[in-house]
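Open the model in your viewer and keep the selection panel at hand. Each stop below gives a selection and then what is there.

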Amino acid sequence: MSVTPLTAAHSSARPAPAFRGRIGRDARSGHYAVPRRYRLHLATADPECLRIAVTHSLLGLAEACPVTFLPAEPDCPDGGHSALRPLYDASAHRYTGPALAPVLSDDWSGRIVSSHGPDIARDLARRFGGGRPTLYPCGAESQIEAVERMCAQGIEAAAQRAGAADAAEAERAAALDTLLTTLGVLEQGLGNHQYLISDQITAADVELWVTLVQLDTVHRNHLDAAAVQRIADHPALWAYARRLAAQPAFGAHLDLDAIARRHHARCQGLEAAGAAVQILDWETHAADGAETRPQVNRP
């Protein structure tokens with residue numbers, strides 16, 4: 001499908017990453033792709049970590065780049081993970097911020113390469129090749145970036161504002177219109193297509209699927225039942241989400257209890273009637289394709 005980005009009144013706020021190193025092509029770049037040199041640290045209840053976990057599984061990198069899975073809820077008062085604190089302390093002199101996931105660390109140096117989710121996903125896909133799926137096809141980068149903007153602004157930020165308790169009624173209505181318009185564009189674009197921008201899974205599908213998970217498991221809780229019914233009235237889009245959930249690379253990382261715990265620990269909003277109107281039975285669909293779920297590696 002051809003994707004045209006939409007603009008929302010409020011963009012999705014993501015904390016600035018503390019580290020933005022990149023994996024290069026060869027030894028001259030310093031950080032370069034070597035099997036088992038790097039390690040991921042992920043809390044898959046966090047959407048950015050979930051995107052990386054799905055990408056990692058689609059690429060089949062379990063041996064080449066091991067993963068340490070963290071608890072859903074950070075255990076430090078500042079919202080960070082104590083298990084990541086030694087890496088942050090080793091990587092930045094007198095670092096005072098929270099030790100956040102995701103993290104890509106270098107086992108050779110014991111330091112962090114990157115804590116920027118999109119960079120990590122792109123480097124995994126581009127630098128660990130060798131016949132693996134092409135998640136960023138040549139010539140499709142602008143379409144993938146457009147989908148990322150649509151998800152961040154037209155869905156994520158719009159859904160947040162549509163359910164914000166401190167927003168005026170007109171502002172919430174405008175945000176809901178933005179959300180429904182974005183979903184309508186995606187619904188029309190999918191049509192009879194199995195995937196979003198290609199005949200195979202790309203990074204755009206990972207981005208959209210995780211955003212739909214968040215929409216139904218988190219943002220739905222703050223919308224009224226009528227709004228949730230209008231969101232659900234996009235059959236091609238939710239059938240697409242259901243199909244992907246049944247694939248092991250997606251469904252194996254979906255932990256609804258962990259997402260709920262993270263949401264309730266962080267959320268300051270009011271629960272609305274939409275909380276009772278679940279769009280998909282994610283757990284059943286995920287179980288169709290996933291026999292095991294990654295275990296949390298506790299320190």
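Select strand β1, residues 38-42. Because 4 of its 5 residues are buried, β1 is largely enclosed by the rest of the structure. Buried means under 20% relative accessible area, exposed over 50%, partly exposed in between (1.4 Å probe, protein chains only). Strands (E, at least two residues) and helices (H or I, at least four) are DSSP runs, numbered from the N terminus.

This is a predicted model: local features need pLDDT of at least 70, side-chain atom pairs count only at pLDDT 80 or more, and totals for chains, interfaces and linings use all residues. Residues are numbered from 1 along each chain as its sequence is written, and side-chain values use heavy atoms, without hydrogens and water.

Tyrosine 38 has aspartate 106 as its bridge partner in β3.

Leucine 42 stands opposite phenylalanine 69 of β2.

Next, go to helices α5 (169-190) and α8 (235-245). Their axes, lines fitted to C-alpha atoms over the stretch in contact, are 8 Å apart at an angle of about 75 degrees, on a scale from 0 to 180 degrees between N-to-C directions.

Last, select leucine 196, in the loop between α5 and α6 (203-217). Is leucine 196 buried or exposed? Leucine 196 is buried, at 0% relative accessible area. Leucine 208 is 12 residues from leucine 196 in sequence and 8.7 Å away in space, C-alpha to C-alpha.

Conventions:
Two strands pair if DSSP finds at least two bridges between them.
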